[in-house]
Amino acid sequence: MSTLLEVRELRKYFKTPHGWLHAVDNVSFQLEQGKTLGIVGESGCGKSTLGRTILHLVEPTGGKIIFEGEDISQISKRRFKELRKEMQIIFQDPFSSLNPRMTVEDIIREPLEIYRIHKTEDALRGRVKELMDTVGLAQRLARSYPHELDGGRRQRIGIARALALNPKFIVCDEPVSALDVSIQAQILNLMQDLQEQLKLTYIFITHDLSVVHHIADNICVMYLGQLVERAGARELFVQNLHPYTKALLSAIPVASPHQKSERMILKGEITSPINPKKACRFAQRCPHAKEACFAREPELREVLPNHFVACHYAHELNNLSE
C-alpha cells in the first residue's frame, strides 16, 4: 500500500512564563493508506496536540508533514482550504464539539454548504439523508438538537460531519472516551465498517489500550511529547519492550477474577515538559534507570523488525541480541 501521511521530526512548542513547553518533540512516523495508527499515552503526553498539529488546527513549530507526497508543513490558507476536504477530525466530546443552536441536519450539511458541493437543495438534502443512514441515525432525528440526544447519537453526528466531504484521512481524538462501554463498542464497530467501505485512513488517539488493540494496525506510545515505542498492534501486546509501555499494559483491567495480573506501579516525579534536559524523560519514574539515562536522550531505533524503541537498555532489559 502507498504511504498517505508521513511525519518527520514534528515539533510543537508553546511559550509559557517559565519557558517553552515541548508538547510534541521530534515525532516521526508513516501511515499507509487504509490503515489505522493508534496513538496512546497518559493524559498530557501530547497525543491530542499531535493530531491537531497534523491538521494545522495548531501550527507546527518545526518538522515536516507530508500528505500524499506534498509537504503541507507551511502552506497557504487557500491551498489548505482545498486540502481540508481530504483531512477531517472527530472530536473527543460529542456535545461540546456540536453547535447547540443547530439541528442534526444543519450540522451535517454545514460543510457541504461551505464547499458548495451540491448545486440544488434536493441534492443537498439527499446527501444529508445518505450520511445519516451511513452512520445509523434515524431520519426522524433530522430536526432534533444535540441536547435532545444521547452521547452515542451525538458522536454519530460528529462522524457524519467528518464524512460529509468524502475525506481520505481522519484524526479520531478519543472519540469513545466520553461514552458508555456498550456505546463505545457500537461506535468502534461503526468506524471499522466505514473504514472498510470508504477506504479511510485513521489516526486513533486514546488512553485506553484495550480500545486501540481492537481497532489499530500499528501503535505509537507517547510520553511527554515523544514517541517511546512504535510497533504493530499485535506485536506490541505480545512483546512490549519499553518500561513505560509495560506499565501502561499492566494497568489494563483483567476480566476474570481468577486471573491475576502483576501491576507495575510507577514512582517518582514526572519530568517537566518545559525546557526539558537532553535526557530520557521517563528516567525519573523508570525502575531500571541508570546513569546514562540521565546523561543523554535515547533515540527511537529499530530493535526488532518494524519495532522501534527509545530506550538505552532495551536489549539488556528484554534479553535481545544486539
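A crossing of two helices is left-handed if the near helix is turned anticlockwise from the far one by less than a right angle, and right-handed if clockwise. The crossing of α5 and α6 is right-handed in this sense. The structure is a predicted model, in which local features need pLDDT of at least 70, side-chain atom pairs count only at pLDDT 80 or more, and totals for chains, interfaces and linings use all residues. Residues are numbered from 1 along each chain as its sequence is written, and side-chain values use heavy atoms, with hydrogens and water left out. Helices (H or I, at least four residues) and strands (E, at least two) are DSSP runs, numbered from the N terminus.

**Helices α5 and α6**

- The axes of α5 and α6 lie 10 Å apart, and the two helices pack at an angle of about 20°; axes are lines fitted to C-alpha atoms, for helices over the stretch in contact, and angles run from 0 to 180 degrees between N-to-C directions.
- α5 and α6 are therefore roughly parallel to each other; angles under 35 degrees count as roughly parallel, over 145 as roughly antiparallel, 65 to 115 as roughly perpendicular and the rest as oblique.
- From α5, the contact (heavy atoms within 4.5 Å) involves Gly 152, Gln 155, Arg 156, Ile 159 and Leu 163.
- From α6, Ile 183, Gln 186, Ile 187, Leu 190, Met 191, Leu 194 and Leu 198 take part in this contact.
- Sorted by class, the contact of α5 with α6 has eight nonpolar, three polar and one charged residues; Ala, Val, Leu, Ile, Met, Phe, Trp, Tyr, Cys and Pro count as nonpolar, Asp, Glu, Lys and Arg as charged, and the others, Gly among them, as polar.

**Helix α3 and its partners**

- Helix α3 (residues 104-114) and helix α4 (residues 121-135) have axes that come within 10 Å and cross at roughly 120°.
- α3 and α4 are therefore oblique to each other, and their crossing is right-handed.
- Val 104, Glu 105, Ile 108, Arg 109, Leu 112 and Glu 113 of α3 make this contact with residues of α4 that include Leu 124, Val 128 and Leu 131.
- The contact of α3 with α4 comprises seven nonpolar, no polar and six charged residues.
- α3 also packs with helix α5 (residues 151-163), at an angle of about 25° and with the axes 8 Å apart, which makes α3 roughly parallel to α5.
- The crossing of α3 and α5 is right-handed.
- In α3, Val 104, Ile 107, Ile 108 and Pro 111 meet Ile 157, Ala 160 and Arg 161 of α5, a contact with six nonpolar, no polar and one charged residues.
- Among the buried residues of α3 are Val 104, Ile 107, Ile 108 and Leu 112; buried means under 20% relative accessible area, exposed over 50%, and partly exposed in between (1.4 Å probe, protein chains only).
- The buried residues of α3 pack against α4 and α5.

**Nonpolar cores**

- A nonpolar core is a set of buried Ala, Val, Leu, Ile, Met, Phe, Trp, Tyr and Cys residues joined through side-chain atoms within 4.5 Å.
- The largest such core has 37 residues, of which Ile 159 and Met 191 touch the most other members.
- Elements that each supply at least two residues of this core include α3, α4, α5 and α6 (181-198).
- Apart from neighbours within four places in sequence, Met 191 is in contact with Ile 90, Ile 159, Cys 172, Pro 175, Tyr 202, Phe 204 and Ile 215.
- A second, separate core of 28 residues includes Val 27, Ile 39, Ile 65 and Leu 83.

**Individual residues**

- Val 7 is found in strand β1 (residues 3-16) and is buried, with a relative accessible area of 2%.
- Neighbours within four places in sequence aside, Val 7 is in contact with Val 27, Ser 28, Phe 29, Ile 54 and Lys 64.
- Ser 48, in helix α1 (residues 47-54), counts as partly exposed at 22% relative accessibility.
- Ser 48 and Asp 173 are 125 residues apart in sequence and 6.3 Å apart in space, C-alpha to C-alpha.

**Positive phi values**

- Most residues other than glycine have a negative phi.
- Asn 26, in strand β2 (residues 19-32), has a positive phi of about 55° although it is not a glycine.
- Glu 174 lies in the loop between β7 and α6, and its phi is positive, near 45°.
- α3 is followed by Arg 116, whose phi is positive, near 50°.
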